Structure formats: C-alpha cells, structure tokens
Amino acid sequence: DEIAPGVWRANQPSAAKLAHYTRTLRLRAVLNLRGATGNSHYLFEREACEALDLSLVDIKLHARALPLPDTLLGLFDAFEVIPRPFLMHCKSGSDRAGFAAALYLLHIEGKPLAEARSQLSWRYLHAHWTKTGILDHFFEAYAADTAEASMPIRDWVATRYDRDRVRAQYREAV
C-alpha cells in the first residue's frame, strides 16, 4: 500500500516480489523493520537487494514492545535519507510496518496524528486489543503529552518520550 508518494508498506517480500516492485514501482530502497539477522528471510532479502541494486536499511522494531528512543531517532534519520521510492516492511505488514508508516507520516509528511494513526488499523490486520496495542498506546501517550503544547514527534521522542513510563501506563490501562 502506498502511504505517501513513493513510500510503500508491505509484508516480508520474496525475491520475486522485490523484483516485481522494482520494475513496477521503480523502487530504489528497502527499509527492513525486522532488523539484520542471520535468518534465511534476511539473507535472501539482502541477496535480492544486492542483485536488484536496491539500498537495504535495517531498523529492528518489535510488534509487542516499545522501541528505545535511540531506535526511533535512527528510524527518523533513515526516513530523511533513504532513497525514494522505497518499501518498508515487517513480517506481516500489520504492526511494525503500520507503526513506522504512522511515524513517517508524522515526521516527514507533517500529517495530523489521527491520519497517521490510521496506519495502525484493522484494514492492515492490526489488532489493537492484543499485545500489539502497545504501539497504539505510544501515539496516545504522545497525544496526551503534547495536548496543550504541540511538538513534532521527533522532538518529543528526543526530549520527553520515556519508554518505561509509557509501558507502565499501558499495563495499567489494559
């Protein structure tokens, strides 16, 4: 699914899918949200990206855990420099891809939070009532903390995001 001009989200692509996307979408890069590993899915992806002359950027996010501030800042940095068009993906394309897509829309596109949060929805098979709901809570915490004085998401992460506090708030709420 295209979330912004030249920015796509998907599940784990096969080598054949990457070749197809490169031809049809003119991809220049892949943002792997599963992180660099020694697992076969990653090794095949890296090999396919090399063969297709695609830049491969690896950022490890989790579907059921909040990221560290440094991980998010690294993701924001990647958004700023990754060649476009690009494809971001996780395993299923639901949770990590939705979280990252929402962050992209906030940070790069300047979209309103409500619009960005739509990337974490049942449309993409994101089930907020499961443990992946912690990703939704991240945005709830951001909204609550910046309700009186708006602040760009990157600035909030860099100066006020407290992963442990947000995680504790989530546990109290569920």
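**Entry 1: helix H2**

I started at helix H2 and looked up what covers its buried residues; the cover includes H1, E3, E4 and E5. I note here that the model is predicted.

Next I listed the buried residues of H2. They are Tyr42, Glu45, Ala48 and Cys49. They take up an arc of only 130° around the axis, so they sit on the same side of H2. I then turned to the other side of H2. There I found Phe44, Glu47, Glu50 and Ala51 exposed.

I placed Asp53 in the loop between helix H2 (40–52) and strand E4 (55–58).

Arg26 lies in the loop between helix H1 (15–25) and strand E3 (29–32). I looked up its accessibility: a relative accessible area of 58% makes Arg26 exposed.

I ran the length check on H3. This helix has 13 residues and reaches 19 Å from its first C-alpha to its last, close to the 18 Å expected at 1.5 Å a residue. Which residues of H3 are buried? I found Leu72, Leu73, Leu75, Phe76, Ala78 and Phe79.

I went on to the loop between helix H3 (69–81) and strand E5 (86–89), where Pro85 sits. I looked at the peptide bond from Arg84 to Pro85. It is cis, with omega near 0°.

**Entry 2: Ala10**

I picked Ala10 in strand E2 (residues 7–10). Its relative accessible area is 12%, under the 20% limit, so Ala10 counts as buried. Pro112 is 102 residues away along the chain, and the two C-alpha atoms are separated by 22 Å.

**Entry 3: aromatic rings**

I turned to the aromatic side chains. A pair of aromatic rings is described by the distance of the centres and the angle of the planes. I counted ring pairs with centres within 6.5 Å. The count came to nine aromatic pairs.

The ring centres are 5.4 Å apart and the planes stand at 50°.

I checked where the two partners sit. Phe99 is in helix H4 (residues 96–107) and Phe139 in helix H6 (residues 133–145). They are 40 residues apart, and the pair links distant parts of the chain. I looked up the accessibility of each. Phe99 is at 1% relative accessibility and counts as buried. Phe139 is at 0% and counts as buried.

**Entry 4: the whole chain**

I closed with the overall figures. How many helices and strands does the protein chain have? I count eight helices and five strands. From the N terminus on, I read the order as β-β-α-β-α-β-α-β-α-α-α-α-α.

I compared the radius of gyration with the globule rule. A compact globule of 174 residues would come near 16 Å, and the chain has 16 Å, so the two agree. I also took the spans of the C-alpha trace along the principal axes. They are about 50 × 30 × 30 Å.

I looked up burial over the chain: 48% of the 174 residues are buried. The accessible surface comes to about 8800 Å², and 51% of it belongs to carbon and sulfur atoms.

Last, I checked contacts between residues at least 6 apart in sequence. Of these, 71% join residues at least 24 apart.

Technical notes
Residues are numbered from 1 along each chain as its sequence is written. This is a predicted model: local features need pLDDT of at least 70, side-chain atom pairs count only at pLDDT 80 or more; totals for chains, interfaces and linings use all residues. Side-chain values use heavy atoms; hydrogens and water are left out. Helices (H or I, at least four residues) and strands (E, at least two) are DSSP runs, numbered from the N terminus. Buried means under 20% relative accessible area, exposed over 50%, partly exposed in between (1.4 Å probe, protein chains only). The expected span of a helix is 1.5 Å times one less than its number of residues. The arc is that of the directions from the helix axis to the C-beta atoms. Contact means heavy atoms within 4.5 Å. Rings of Phe, Tyr and Trp (its six-membered ring) pair if their centres lie within 6.5 Å; planes under 30 degrees apart count as stacked, over 60 as edge-to-face and the rest as tilted. The radius of gyration is taken over C-alpha atoms; the globule rule is 2.2 Å times the number of residues to the power 0.38. Accessible areas come from the Shrake-Rupley method with a 1.4 Å probe; for residues, only the protein chains shown count as cover.
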